[in-house]
Amino acid sequence: MTATKAPTEPPAQRTVRRPGDRIFAGAARGSGIFILLVLAGVAAFLISEAIPALTAASSEIPDGKGLGPYIGPLVLGTLLGAVIALLVATPLAVGIALFITYYAPRRIAATMGYVIDLLAAIPSVVYGFWGLAVLAPKLVPFHAWAADHLGFLPFFAGPASASGRTMLTVGIVLGVMILPIISAISREVFSQAPALHREAALALGATRWEMIKMAVLPYGKSGVIAGSMLGLGRALGETMAVAIILSGGAGATVNLISNSNPSTIASNIALRFPEATGIGVNTLIASGLALFLITLAVNMLARWIVNRRADFSGAN
Amino acid sequence: MAKRIDVSDLDIYYGNFKAVEGVNISIEPRSITALIGPSGCGKSTFLRSLNRMHEVIPGARVEGKVVIDGQDLYGAGVDPVDVRRQIGMVFQRPNPFPTMSIYDNVVAGVRLNSTKMKKSAMDDLVERSLKGANLWNEVKDRLNRPGSGLSGGQQQRLCIARAIAVEPEVLLMDEPCSALDPISTLAIEDLMTELKERFTIVIVTHNMQQAARVSTSTGFFNLNGVGQPGRLIEFNPTEKIFSNPEEKATEDYISGRFG
């Protein structure tokens, strides 16, 4: 075989292409590309606008101490508030979802579902005023108690705030705000736990709680994580409620119950942007970039947690 | 270990609907009892009433007596959870817990009993149960892999291993082979014959050859019409049912002249 002949082209298969198929495929592909473009655009805007602040001399940054010391406390404040919110909301939301799906009589369950969804529809500014006017004064005694009894923890070092306008209050308000998101998604996945596996657990002699532990929670775990991350995203980015309650601006501290608190990125941008000029604007955008990266990291972490045991997820 | 089951005047309801009426039956220990009959005649419902799985469905209840070795399952103060720990069940579709490994699936029921077991005792139990279910050789190298990665027949044998790991007194099987191919079906039938030595087995099946092959006694359920409760028409040794049934309806059903 010295001269190899080019293999003859197989006769072109004429597959029928229906217009509806092509339109739908094009529309779907277009949507997919569009969302990527939007994301890339936002990232490009944040980076290009943040560069002047990243390269500026420390003295040019507002407060005059440099970019790191400016953004650091904001990042800390953002994470603190969001983590408290998550710690408050996740167990409560899982409990609510389990109650609605497996414990409550059907009529009560339906009503409760609506009420929880209603919580999600309340604008965040209302939560802010509620936190300021109702919750903060109510929490003042708890602040004092925590300072007295838990003062050995850096979180409760005190001195206790007399107004209740603290990071702790903010975290709890944020927790109430994200509660409906997490519980709605958890409820959805719990109610889809296969009857097949629930009956398998019951037939082995599981009590209702053991059945939930064996067949419902493992099945719903990834949903709970996904819901928590959605909630965390909202808590990280929440602006109004935090801006109303918190008189931020103090440096980095993990003390949750004193009057001096770090602000959060989003509320700091909202409060300062109207008066910012020049490099101050770039600094605020740089802090926005930091928020963007935090959210990205949180979502990737959640993805990784969900995928880690994909074999055992029950999806196969 | 194996126990006898005496059912007297059992009526089973879904809410106000009477699904099964007036069942009287005595099931011998160490036997396989097959329940046959057309769809909707109440044989699965009856089977589920034997370990109180029936009442998992809201509004479902029974009247009458189910006595296992002198203990009334529906007596006052009897906890359905305890009943189900004594009476194992295998379902129509294989249902190993997808989030658990093969090993964890087998010991799932034992862990529920919350008796602390040594690791070595647990390993022995897993091996014994999987051998009892004729699955050990196929899975011994991948006990930590998910049970959902097995074939349908293997999954069903895993479910049987899970059920027998807790050493129940009775094993209920609700059409255990209807989702399986003939080879897996044969494997499960052989297994049932072995398990008969240790357990009282009650099986619901649509496959009359299967009933004839494996069972010692057969009960035929039928219903008079849509909306009527199902009844136990005839209960006799399998040989008699398939060669010389007492009731015309039984003969019509097993010879295919149904309706």
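By class, what is the lining of the largest cavity made of? Hold that thought while I set things up.

What we have here is a predicted model, where local features need pLDDT of at least 70, side-chain atom pairs count only at pLDDT 80 or more, and totals for chains, interfaces and linings use all residues. Residues are numbered from 1 along each chain as its sequence is written, chains are lettered from A and ligands numbered from 1 in the order written, and side-chain values use heavy atoms, leaving out hydrogens and water.

Okay, chain A. Chain A has a radius of gyration of 26 Å, whereas a compact globule of 316 residues would be near 20 Å. That radius is taken over C-alpha atoms, and the globule rule is 2.2 Å times the number of residues to the power 0.38. Also, 40% of the residues of chain A count as buried, meaning under 20% relative accessible area with a 1.4 Å probe, protein chains only.

Now the holes. On a 1 Å grid over the protein atoms alone, a cavity is a set of points where a 1.4 Å probe fits but cannot get out, a pocket is an open set with protein on both sides within 12 Å along at least five of seven lines, and lining residues have an atom within 4 Å of a point. Points are joined across faces, edges and corners, and a volume is the space filled by probe spheres set on them.

The structure holds two cavities of 30 Å³ or more. The largest cavity has about 50 Å³ of space, and its lining includes Ala200(A), Leu204(A), Met89(B) and Cys159(B). H6(B) gives the largest share of that lining, three residues. So, back to my question: seven nonpolar, one polar and one charged. Here Ala, Val, Leu, Ile, Met, Phe, Trp, Tyr, Cys and Pro count as nonpolar, Asp, Glu, Lys and Arg as charged, and the others, Gly among them, as polar.

The second largest cavity is about 30 Å³.

Last, the largest pocket, with about 660 Å³ of space. Of its 22 lining residues, Tyr102(A), Arg198(A), Arg208(A), Val56(B) and Pro58(B) lie nearest the centre. H6(A) supplies the largest share, four residues, and the lining has six charged residues alongside 14 nonpolar and two polar.

Terms used: Helix = DSSP H or I, 4+ residues; strand = E, 2+ residues; numbered from the N terminus. Buried < 20%, exposed > 50% of the residue type's maximum accessible area, 1.4 Å probe, protein only.
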